[in-house]
Structures are given as structure tokens and as C-alpha cells.
Amino acid sequence: MSNEQAIKVEGLCKHFGKDDSYVDVIKGASFTINKGELVALVAPSGAGKTTLLMMIGCVEEPSAGKIWLGKEKVYDNKWLTQETRKIRREKIGFIFQAHYLIPFLNIIDNLTLLPQANGTEDKVSKAKARELLTYFDIAEKEKAMPSQLSGGQNQRVAIARALVNNPEIILADEPTAALDMQRSVDVVKMLKKIALEQNVSIIMVTHDDRMLPYCDRIMKIENKAIIIESPEKP
Ligand SMILES: Nc1ncnc2c1ncn2[C@@H]1O[C@H](COP(=O)(O)OP(=O)(O)OP(=O)(O)O)[C@@H](O)[C@H]1O
Ligand SMILES: [Mg+2]
């Protein structure tokens, strides 16, 4: 873990709706996450965890505040670039609760879909996909369909897919929700390893306190703002 900033957020606010339907979700969140950190994001349902990830991921526009990804300031009361999709593609990998693999493509084609859409040569994207499948111990499954893999294996493929473009940041929204305890621990340990070895910063939403000891820090949403704590080490 380094002291180099990967994500910085200052005075971030998000509300939805207006008049009767107005709802404040995040009100003045400020925090910094360094390169190589695995940070858990913990808060009750409806507190704004997904909303926060989507703002950092340049998917959901904030209502106010500032966001830096790496050294680049991307939001200052407005997007500072027209190309939020490009930033997303280049810097960010998403992992969701359900794996969202494409059911009619085999594993390797699921992994190479995005790089190939981005214009990466077939040979190069396949080599990268195979390297990741080997890393995740599922190399022999490259020709299998998602329906032929277990939940944990599919979630590993989904993590591999989030890594295929070498992102600086991974945003994981309850990646272990569909898994049993042992598989969940495996996935979180794997995320920790990626953070450590590849200097990737990861924010992982979790409702499972048993995953917290594997994380470097715990981020909570309280009173619509963010507080960050250190976890108790196992
Ligand atoms: N597009 C939207 N329009 C209006 N309100 C929204 C919208 N998206 C989210 N909200 C509201 O913002 C609040 C935060 O939602 P969010 O999905 O971020 O919560 P969460 O912490 O991820 O919850 P969960 O743990 O259930 O996934 C909720 O009150 C939700 O109803
Ligand atoms: Mg959510």
C-alpha cells in the first residue's frame, strides 16, 4: 500500500428528486483512498452505498462536490470532461452482486468482450484473459459457459473481467452476497491480493462483518457523511 492517492472526494453531495420527492442521500462526504487499499463500505440498506460507488465510477452525476481519480480531478460541481465513459473504461472495473456474465458467451469470450470493443487486438486480449484465468485458478474453464460454473467460479470470472483492462480502481457492490461463507472469504482474500500485488484500490460494499478483518479500512455512511475506521485485525 502506498500513500499515493487513488480516489479523493471532497464535499460530495447527492440528492434525488425535488419538492415532495426530494431526498438527501449523501451530504458533504470527504475522504481519500490510497493506491493498493482494500476498503470496505458498510451502511444500512438505502444509506447510499451504491449511489456513492456510481458517483466515483462516473456513472451517476453528483449534486455537488469534487472527485479526483488518481491525480486527475474529474468532477468539480460538474464533470470536467465530456468523456466520462472513457474514464470509466480506462480507470475503473466494476464487480456486482450478481456476476452479470453474458450467458451465451463462453468464459474467455466474456472476458475479451470489453477489450475487443475498445479496439484491443484479439491475440492481446485473449492472452490477458488467459493470464487472469490462470491467476484465478480457472484456466481449464475458458471454453465453458457461465451456466456450467459454480457461483464462486462465476464470481471469480467477474473479478477477472473487472481486471482485464488493468483498472486503477475496482468498485465492488456486494461481490460476495450470493456466496457462502467460505467462498466469500476466498473472494475477499483474492481482492486483497489484487490490491496488494497490483496496487489497485478497491472499495467493496459488504453487509457481512466477517469480511471486515480482511480489509485495510472500513468506510461507513453515517448521518449522510462518511467516516473511516480501522478494522480489528484477526
Ligand atoms: N434514481 C433514483 N431516484 C430516486 N431515488 C433514488 C435513486 N437511486 C437511489 N435513490 C434513493 O437513494 C437512497 C440510496 O440508495 P442506494 O441504492 O445508494 O442505497 P444502498 O446503500 O446501496 O442500499 P442497499 O444496501 O439496499 O443496496 C435510497 O433512499 C434510494 O431510494
Ligand atoms: Mg446498493
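The crossing of helices α3 and α5 is right-handed, a crossing being right-handed if the near helix is turned clockwise from the far one by less than a right angle, and left-handed if anticlockwise. Helices here are DSSP runs of H or I with at least four residues, and strands are E runs of at least two, numbered from the N terminus. This is a predicted model, in which local features need pLDDT of at least 70 and side-chain atom pairs count only at pLDDT 80 or more, while totals for chains, interfaces and linings use all residues. Residues are numbered from 1 along each chain as its sequence is written, and chains are lettered from A and ligands numbered from 1 in the order in which they are written.

The axes of α3 (residues 107–117) and α5 come within 9 Å and cross at roughly 25°, the axes being lines fitted to C-alpha atoms over the stretch in contact, with angles from 0 to 180 degrees between N-to-C directions. That makes α3 roughly parallel to α5, since angles under 35 degrees count as roughly parallel, over 145 as roughly antiparallel, 65 to 115 as roughly perpendicular and the rest as oblique.

Val-25 lies in strand β2 (residues 23–34) and is buried, because 21 other C-beta atoms lie within 10 Å; the term requires 20 or more such atoms, whereas 12 or fewer means exposed and values in between partly exposed, with C-beta atoms placed from the backbone. The C-alpha atoms of Val-25 and Ala-47 are separated by 6.7 Å, although the two residues are 22 residues apart along the chain.
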